Amino acid sequence: MPAPIRFVQDSHLFPDAVDVVVIGGGIAGVATAYELARKGVSVVLLEKGLIGAEQSSRNWGWCRQQNRDERELPLSIHALQRWKVLKEETGEELGFRNTGLLYATKQQAEIDAWTTWGEMAKNYGMHSEILTAARAKTLTTGSTSDWLGGVYSPTDGHAEPSLAAPGLAIAAQKLGAQVFQQCAVRGLDVSAGRVSGVWTERGLIRTSSVVCAGGAWSSMFCRRHGIDLPLGNVVGTAMRTAPIQQVIKIPLYTESFACRPQLDGSYTLSISGRGRLDIGPQGLRYAKKFYPTFLARRKNLHVHFSPGAFFEGPEALGKWQFDARSPFEQMRILDPEPDHAMVQEGIDAMRREYPELGAVKVVQSWGGMIDSTPDAVPVISEVEKLPGLFISAGYSGHGFGIGPGAGSLMSDLVTASTPVVDPTPFRYSRFSDGSDIKKPGMM
């Protein structure tokens, strides 16, 4: 585990029936359960392992609007508005701090891209500041690089991954939601062509609406019911340092490393855009759909053929019965191996850039599996092929920051309320209705 995640106490009486079942205790799932509970909906949240134990506690913790794909930007803006009020609204510490985010670079191409993005973002009321070399240097006091410039988003911030999903789950319970961990959903009960319940390892729960927010496991779950969800799973690596004097005060992106100060004086550290592609059956199945994205990002991906992925984990083949042990019970918490060479590269880069941090040490590193779509835009949508099924997955490395917004939008879709933003860019049907699947925009 990347950090001790906050303990969540299970609810008491396992339900026979509810209005909505949410599958998956990551940030998207718990935010959906919380928002549904706010609406007075009867909801149960089911997690095969522990709340927030997979990617939702393994990410950088950034909560940003800056450099989002335009299709995601309205939802990102809404998400940040939610982050700002959730502590007071819930009474729970989620670790959110409205510190701003800083990108510094030596590359003119990056400055040009950020400038173009900023002009677009003005149409949405988003403000970011393109930095001169002098301004970038001022904001990175102690750095050794002669920056060409950068971009600064004063309204963005960060939260604590070890606190956020558990805190929202607890907040949902206060509003009447039920939460059960170590309780895998094996599949859907379907009657007359629509969802009528879920089969869990503890038995059947009757319901007319199910939200699949299973992260990297979502495609496997959906395939079991003939729902084709093209997801590519990439393993990212991150690390945590020992507490040290925080020379870097706010989240910082550079070409060689990215970091975030933690509340205890340590840093979360990684290298932007880098990851490992463990090729398995699911990756091969959707290879054609992902090929343009793969070509664009090939230099930042380490491709690894993984024989083990054929037999276990979210990439694996196979079917299972709903009255027998499922793949979700065989691997309660997905804990991929980190890239140890990347760990050393990242900490070395941080020490070179900030000599005052020369004594900083890595105390832990971890891997996390990031579920991505071919256009790097999530699916937040109903599934017309199977009424009653909704999907919230494919966040492509943006899920933590956008999570509260995703929860708001999904709760609106499930309850047929006016959506907080236009849901069209997130529709599931774009992958099957002949739509032109656009290349990923700014990440």
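**View 1. E92 sits in the loop between α2 (73–90) and β4 (101–105).** The model shown is predicted. E92 has 7% relative accessibility, so this residue counts as buried. The cut-off for buried is under 20% relative accessible area.

**View 2. The side chains of E92 and K174 are joined by a polar contact.** The distance is 2.5 Å. K174 is also among the residues that E92 touches.

**View 3. The surroundings of E92 include residues from several places in the sequence.** Leaving aside residues up to four places away in sequence, E92 touches R6, K87, G167, I170, A171 and K174.

**View 4. The whole protein chain holds eleven helices and 21 strands.** Its C-alpha atoms fill a box of roughly 65 × 45 × 40 Å along the principal axes.

**View 5. Of the 443 residues of the protein chain, 59% count as buried.** E92 is one of the buried residues. Among contacts in the protein chain with a separation of 6 or more, 76% come from residues 24 or more positions apart.

**View 6. The accessible surface of the protein chain comes to about 17600 Å².** Carbon and sulfur atoms hold 53% of that surface. The protein chain carries 45 positive and 45 negative side chains. The centres of these two sets lie 1 Å apart.

Key:
Residues numbered from 1 in each chain as written. Predicted model: local features only at pLDDT ≥ 70, side-chain atom pairs only at ≥ 80, totals over all residues. Heavy atoms only, no water. Helix = DSSP H or I, 4+ residues; strand = E, 2+ residues; numbered from the N terminus. Buried < 20%, exposed > 50% of the residue type's maximum accessible area, 1.4 Å probe, protein only. Contact = heavy atoms within 4.5 Å. Areas by Shrake-Rupley, 256 points an atom, 1.4 Å probe, with all protein chains shown as cover. Lys, Arg positive; Asp, Glu negative; His and termini not counted. Charge placed at Lys NZ, Arg CZ, Asp CG, Glu CD. Polar contact = N/O pair within 3.5 Å; in protein donor to acceptor, adjacent residues only side chain to side chain.
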